[in-house]
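The sequence and the model are shown below.

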Amino acid sequence: MPVTSTTPPFEGFFKQITTAMFSFGIMCSPLQAQTAPETASLLHQTQFVEDIGASQRIDFSGKLRMLSQRIVAAGCNYSAGIDPERSGAVLSATSDEFQRIIDALEFGDAELGIIGAEERRRTQVGIRKLRELWDPTNATAQLIAAGDTSVETVKLLADQSAPLLEMAKMLVSELSGQYSDPTALLQSDALVIDIAGRQRMLSQRMSKNVCLISSGVNQDTALAELAATKEMFEVSLMALRNGMADVGIKAPPSEQISDGLDVVIADWTEIKTVVDRVLTGQAIDEEMRSIMFNGSLVMTRDMNIVVGMYSEASKLGL
């Protein structure tokens, strides 16, 4: 599927992305049930509101999804001896970043733009449940960092990351519904921030699965996941770059965001060949594994920049 196409979405595209949105944790908020006049009225009533970091809460909670996959990608590559200095550093940084974000979502972190502790009881419970899954996953990652690079330990890390990702998806859906309110963030903006943020997770999920397959870990599951993830990544990238009004995805609101998405498209072109090779059952050597690991990190970084621009645009009403 050419991601650079500017032609109207093909037949069935609406059904594909709608189904995928639900399967990957995109939930609709009650705001969708409001009529346009009702929404406009609320906007006029709340023209000036305190910024408590609504877009940042959605952005960073979405980042936890990505980190749940990056920790496996880094741990797997480190265990396999793929760029051990880089993969070891990424493994350590991922642990630190996950911990900081989950703390920020619960207690606030002004440096991250999340102002004040979370007050909603339901969301607090979700954060604590995520912690319960994170702690053993992180402990396994630390075993790998300390030198336990056995296949069994990598498999354990991969298995632990699955429920961690599911809980992270539930949390970002909860926060998207909670903060996609005219007093904080429009639902349409929350949706696009969520989908753009999810691209970071999909990038690392592909990196994880390529490594697992190449290392002989959970190969059947990883192969199926890789195929589905590649398709979802390309579908979402097309929707973000060109817009998809039928599902509420606006075209890029600024030239800067358009250019940022073009950078991500170029990044994807660099690693897509490796993904396709693995999907067709061909072996990849250490150089290709390194290209996939490092290329996905670059693509995640560039997608993160785009998510930040979407977040800022939402505050400007673009």
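How many aromatic pairs does a search of the whole structure find? The search finds two aromatic pairs.

## Basis of the description

The model is predicted, so local features need pLDDT of at least 70 and side-chain atom pairs count only at pLDDT 80 or more, while totals for chains, interfaces and linings use all residues. Residues are numbered from 1 along each chain as its sequence is written, and side-chain values use heavy atoms, with hydrogens and water left out.

## Aromatic pairs

Rings of Phe, Tyr and Trp (its six-membered ring) pair if their centres lie within 6.5 Å; planes under 30 degrees apart count as stacked, over 60 as edge-to-face and the rest as tilted. The ring centres of phenylalanine 98 and tryptophan 134 are 4.0 Å apart and their planes lie at 10°, so this pair is stacked. The pair links distant parts of the chain, 36 residues apart: phenylalanine 98 belongs to helix α4 (residues 84–107) and tryptophan 134 to helix α5 (residues 121–145). Helices here are DSSP runs (H or I, at least four residues), numbered from the N terminus. Phenylalanine 98 is buried at a relative accessible area of 0%, and tryptophan 134 is buried at 1%. Buried means under 20% relative accessible area, exposed over 50%, and partly exposed in between (1.4 Å probe, protein chains only).

Phenylalanine 233 and tryptophan 268 form a tilted pair, with 5.2 Å from centre to centre and 50° between the planes. This pair also links distant parts of the chain, 35 residues apart, with phenylalanine 233 in helix α8 (residues 219–242) and tryptophan 268 in helix α9 (residues 255–279). Phenylalanine 233 has 0% relative accessibility and counts as buried; tryptophan 268 is buried at 1%.

## The largest nonpolar core

A nonpolar core is a set of buried Ala, Val, Leu, Ile, Met, Phe, Trp, Tyr and Cys residues joined through side-chain atoms within 4.5 Å. The largest has 79 residues, of which Leu64, Leu130, Leu240, Ile249 and Tyr310 touch the most other members. Elements giving two or more residues to this core include α3 (54–79), α6 (151–179), α7 (187–215) and α10 (286–316). The greatest contribution comes from α7, with 13 residues.

Leucine 64 lies in helix α3 and is buried, with a relative accessible area of 0%. Beyond its neighbours within four places in sequence, leucine 64 is in contact (heavy atoms within 4.5 Å) with Phe98, Ile101, Ile102, Leu105, Leu130, Ala168 and Leu171. The C-alpha atoms of leucine 64 and leucine 130 are separated by 9.8 Å, although the two residues are 66 residues apart along the chain. Tyrosine 310, with neighbours within four places again left aside, contacts Val192, Ile193, Ala196, Leu240, Pro252, Pro253, Ile257 and Leu261.

The structure holds two cavities of 30 Å³ or more. On a 1 Å grid over the protein atoms alone, a cavity is a set of points where a 1.4 Å probe fits but cannot get out, and lining residues have an atom within 4 Å of a point. Grid points are joined across faces, edges and corners, and a volume is the space filled by probe spheres set on the points. The second largest cavity has a volume of about 30 Å³ and is lined by Asn77, Ser207, Val210, Cys211, Arg289, Met292 and Phe293. Two or more residues of this lining come from each of α7 and α10.

Serine 87 lies in helix α4 and is buried at 0% relative accessibility. Not counting residues up to four places away in sequence, serine 87 touches Ala74, Asn77, Tyr78, Ile82 and Phe293.

Methods
1 Å grid on protein atoms, 1.4 Å probe; cavity = no way out; pocket = protein on both sides within 12 Å on 5 of 7 lines; lining within 4 Å.
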